Amino acid sequence: MAALPVFRWRLAPDGYATRRQLRARGLRPGGQCVAATVERPRRRREPLVAYLYRVDLAKPVRPMTPGRWAALDKANAARRICPACRRDAGYIIPASLGTCVPCAYPDPCDSPRSV
């Protein structure tokens, strides 16, 4: 098995792209193996490595089907439901809080003792 070509950061030749760059062009790797790597040197640590794929072997992104749209809508709706109060928060609940903002930071003025 031959070793992969390694390029320095920002010096990869045309015809290679990362997954994100392929996606920005409306492409996907399409089952091809990694064609090369790019290394970004860092001080006192190992270099950052990005995998490159050949653009000429990339395939177009598969279109979204109605079933995929429905599954995506259902998954996003589940991320909006607060596990504490079971209400739709109207936004994606942050993983750092785990609950909606009113449940995470209850207003002390709304407590029955303050009346």
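Q: Where in this predicted model does threonine 37 have its place?
A: Threonine 37 is in strand E4. The model is a predicted one.

Q: Is threonine 37 buried or exposed, and how do you know?
A: Threonine 37 has a relative accessible area of 9%. The limit for buried is under 20%, so threonine 37 counts as buried.

Q: Which residues does threonine 37 touch, leaving aside those up to four places away in sequence?
A: Threonine 37 touches Leu4, Pro5, Val6 and Phe7, and also Val49, Ala50, Tyr51 and Leu52.

Q: What makes E4 and E5 paired strands?
A: Strand E4 (residues 36-42) is joined to E5 by 6 bridges, and the two run antiparallel. Pairing asks for at least two bridges, so E4 and E5 count as a pair. Within this pairing, glutamate 39 stands opposite valine 49 in E5.

Q: What do E4 and E5 form, and how many residues lie between them?
A: They form a hairpin with 2 residues between the strands. Arginine 44 lies in the loop between E4 and E5, and its phi is near 60°, a positive value in a residue other than glycine.

Q: Is arginine 44 buried or exposed?
A: Its relative accessibility is 83%. Exposed means over 50%, so arginine 44 counts as exposed.

Q: Where is arginine 10 found, and what is its phi?
A: Arginine 10 is found in the loop between E1 and E2. Its phi is positive, at about 70°, although arginine 10 is not a glycine. At 77% relative accessibility, arginine 10 is above the 50% limit and therefore counts as exposed.

Q: What is the strand order of the open sheet?
A: The sheet has 4 strands in the order E1-E4-E5-E2, and its pairing is mixed.

Q: Why are E1 and E2 said to stand at the edges?
A: Strand E1 (6-8) and strand E2 (16-17) each have a single partner strand, so one side of each is left without a neighbour in the sheet.

Q: How many bridges join E2 to E5?
A: There are 2 bridges between E2 and strand E5 (residues 45-54), and the strands run antiparallel. At least two are needed, so E2 and E5 count as paired. Alanine 17 has tyrosine 53 in E5 as its bridge partner.

Q: Which residues make up the largest nonpolar core?
A: The core has 6 residues: Ala17, Leu22, Leu27, Tyr53, Val55 and Ala58. A second, separate core has 5 residues, including Phe7, Ala36, Val38 and Leu52.

Q: Why might one look for nonpolar side chains in such groups?
A: In soluble globular proteins, nonpolar side chains tend to be buried together.

Q: Which residues does tyrosine 53 touch, not counting those up to four places away in sequence?
A: Among them are Gly15, Tyr16, Ala17, Arg19 and Leu22, as well as Pro29, Gln32 and Cys33.

Q: How many aromatic pairs does a search of the whole structure find?
A: The search finds 1 aromatic pair. Phenylalanine 7 and tyrosine 16 form this pair, with 5.7 Å centre to centre and 50° between the planes.

Q: Why is the pair of phenylalanine 7 and tyrosine 16 called tilted?
A: Planes under 30 degrees apart would count as stacked and over 60 as edge-to-face. The angle here is 50°, so the pair falls under the remaining class, tilted.

Q: Why does tyrosine 16 count as partly exposed?
A: Its relative accessibility is 24%. Buried would need under 20% and exposed over 50%, so tyrosine 16 is in between and counts as partly exposed.

Q: What lies over the face of tryptophan 9, and at what distance from the ring centre?
A: Arginine 40 lies there, at 5.3 Å from the ring centre. The distance limit is within 6 Å, so arginine 40 meets that limit.

Q: Where is alanine 2 found, and is it buried or exposed?
A: Alanine 2 is found in the segment before E1. At 65% relative accessibility, alanine 2 passes the 50% limit and so counts as exposed.

Q: How many helices and strands does the chain have?
A: The chain has 3 helices and 6 strands, and along the sequence they follow the pattern β-β-α-β-β-β-β-α-α.

How values were computed
Residues are numbered from 1 along each chain as its sequence is written. This is a predicted model: local features need pLDDT of at least 70, side-chain atom pairs count only at pLDDT 80 or more; totals for chains, interfaces and linings use all residues. Side-chain values use heavy atoms; hydrogens and water are left out. Rings of Phe, Tyr and Trp (its six-membered ring) pair if their centres lie within 6.5 Å; planes under 30 degrees apart count as stacked, over 60 as edge-to-face and the rest as tilted. Buried means under 20% relative accessible area, exposed over 50%, partly exposed in between (1.4 Å probe, protein chains only). A charge sits over a ring if NZ of Lys or CZ of Arg is within 6 Å of the ring centre and within 35 degrees of the ring normal. A nonpolar core is a set of buried Ala, Val, Leu, Ile, Met, Phe, Trp, Tyr and Cys residues joined through side-chain atoms within 4.5 Å. Contact means heavy atoms within 4.5 Å.
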